[in-house]
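User: I have a chain open here and want a quick tour. Can you walk me through it?
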Amino acid sequence: MSVDAIVHTEFPKGYTVLFGADGMVIMTPRSEEHSSTIKSMQYDTIVSLGRHAKTASDVYIDFAADENSAPDLVILGEDARREGKRYSFEDVLLISEVVSTSSARKDYDDCTAKYGRYGIPIYLVVDPYAQEVVVHTQPTVTGYIAAHTHKYGTGKLPIPLADGRTFTLDLDELQRPEPEADAR
């Protein structure tokens with residue numbers, strides 16, 4: 001995309017627009033719930049796995065066939081090594097995506113199929129609007145065999161990782177959307 005095209009393009013409100021190499025344009029929705037949920041999960045990784053655990057947030061992970069992704073949260077194996085500037089999907093123990101109003105189908109359907117196909121051991125769909133977390137395990141070429149739903153406000157959820165560590169997600173601390181103010 002040329003500089004002239006960028007200057008004259010009206011991007012939708014409520015999105016962060018990032019410009020990458022080779023003219024790639026990435027648009028991600030922003031919301032307080034989305035940001036707060038990612039922050040809570042990052043805090044939980046520190047509490048569960050330590051300050052120096054290998055994690056990433058909104059950082060590209062290389063998948064085969066040019067299907068790169070920048071998940072909301074990734075927990076990597078302790079022995080993960082970057083290939084160039086990125087980690088490989090083969091280093092990933094857990095991916096979490098936070099649902100936004102514009103990404104529900106992608107997070108629940110497309111990402112479930114993709115991450116399962118690539119053998120990501122655990123995929124979490126964290127949905128502030130439904131106030132639930134869906135834990136997908138047992139990846140297959142079409143998605144995941146098992147999916148367990150946990151409601152917000154039900155305590156701490158221990159999630160065993162493939163390397164023997166446990167990531168504990170505090171379901172009591174995930175932010176719920178505030179009711180919209182009455183329009184006057």
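This is a predicted model: local features need pLDDT of at least 70, side-chain atom pairs count only at pLDDT 80 or more; totals for chains, interfaces and linings use all residues.

User: Where does Tyr87 lie?
Analyst: In strand S6, residues 87-88.

User: What separates the C-alpha atoms of Tyr87 and Tyr60?
Analyst: The distance is 7.7 Å. Along the chain, the two are 27 residues apart.

User: Is Tyr87 buried or exposed?
Analyst: Buried means under 20% relative accessible area. Tyr87 has 18% relative accessibility, so it counts as buried.

User: Zoom out. How many helices and strands does the protein chain have?
Analyst: The protein chain has 3 helices and 12 strands. It has 184 residues, and 39% of them are buried. Its accessible surface is about 10,600 Å². Carbon and sulfur atoms account for 51% of that surface.

User: What about contacts across the sequence?
Analyst: Take contacts between residues at least 6 apart in sequence. Of these, 47% join residues at least 24 apart.

User: Now the sheet. What is the strand order in the open sheet of 6 strands?
Analyst: The order is S3-S5-S7-S8-S9-S10, and the pairing is mixed.

User: Which strands stand at the edges?
Analyst: Strand S3 (55-56) and strand S10 (143-151). Each has a single partner strand, so one side of each has no neighbour in the sheet.

User: How do S9 and S10 pair?
Analyst: They are antiparallel, over 8 bridges.

User: What lies across S7, S8, S9 and S10?
Analyst: Helix H3, residues 104-117. It runs at about 170 degrees to S8.

User: Stay on S9. Is Glu132 buried or exposed?
Analyst: Glu132 is in strand S9. Its relative accessible area is 16%. The cut-off for buried is under 20%, so Glu132 is buried.

User: What does Glu132 touch, not counting residues up to four places away in sequence?
Analyst: Tyr108, Val125, Val126, Asp127, Thr149, His150, Lys151 and Tyr152.

User: And Gln131, what is its phi?
Analyst: Positive, about 55 degrees, although Gln131 is not a glycine. Gln131 sits in the loop between S8 and S9. At 28% relative accessibility, Gln131 is partly exposed.

User: Switching to the core. Which residues touch the most other members of the largest nonpolar core?
Analyst: Leu94, Leu124, Val126, Val133, Leu161, Phe167 and Leu169, out of 22 residues in that core. The elements giving two or more residues to this core are H2, S5 (73-76), S7 (92-98), S8 (122-127), S9 (132-140), S11 (156-160) and S12 (166-170). A second, separate core has 19 residues, including Val92, Cys111, Tyr123 and Val125.

User: Pick Leu169. What does Leu169 touch, not counting residues up to four places away in sequence?
Analyst: Met41, Asp44, Leu124, Val133, Gly155, Lys156, Leu157 and Leu174.

User: How do S11 and S12 pair?
Analyst: In the antiparallel sense, over 5 bridges. Ile159 stands opposite Phe167 in S12. The hairpin of S11 and S12 has 5 residues between the strands, and Gly164 there has a positive phi near 95 degrees.

User: Last one, helix H2. How many residues does H2 have?
Analyst: H2 has 18 residues, 32-49. From its first C-alpha to its last, H2 reaches 25 Å, close to the expected 26 Å. Just after H2, Gly50 has a positive phi of about 100 degrees.

User: Which residues in H2 are buried?
Analyst: Glu33, His34, Ser36, Thr37, Ile38, Ser40, Met41, Asp44, Thr45 and Leu49. Among them, Met41 and Asp44 are touched by Leu169.

Note on methods:
Residues are numbered from 1 along each chain as its sequence is written. Side-chain values use heavy atoms; hydrogens and water are left out. Helices (H or I, at least four residues) and strands (E, at least two) are DSSP runs, numbered from the N terminus. The expected span of a helix is 1.5 Å times one less than its number of residues. Buried means under 20% relative accessible area, exposed over 50%, partly exposed in between (1.4 Å probe, protein chains only). Contact means heavy atoms within 4.5 Å. Accessible areas come from the Shrake-Rupley method with a 1.4 Å probe; for residues, only the protein chains shown count as cover. A nonpolar core is a set of buried Ala, Val, Leu, Ile, Met, Phe, Trp, Tyr and Cys residues joined through side-chain atoms within 4.5 Å. Two strands pair if DSSP finds at least two bridges between them. Axes are lines fitted to C-alpha atoms, for helices over the stretch in contact, and angles run from 0 to 180 degrees between N-to-C directions.
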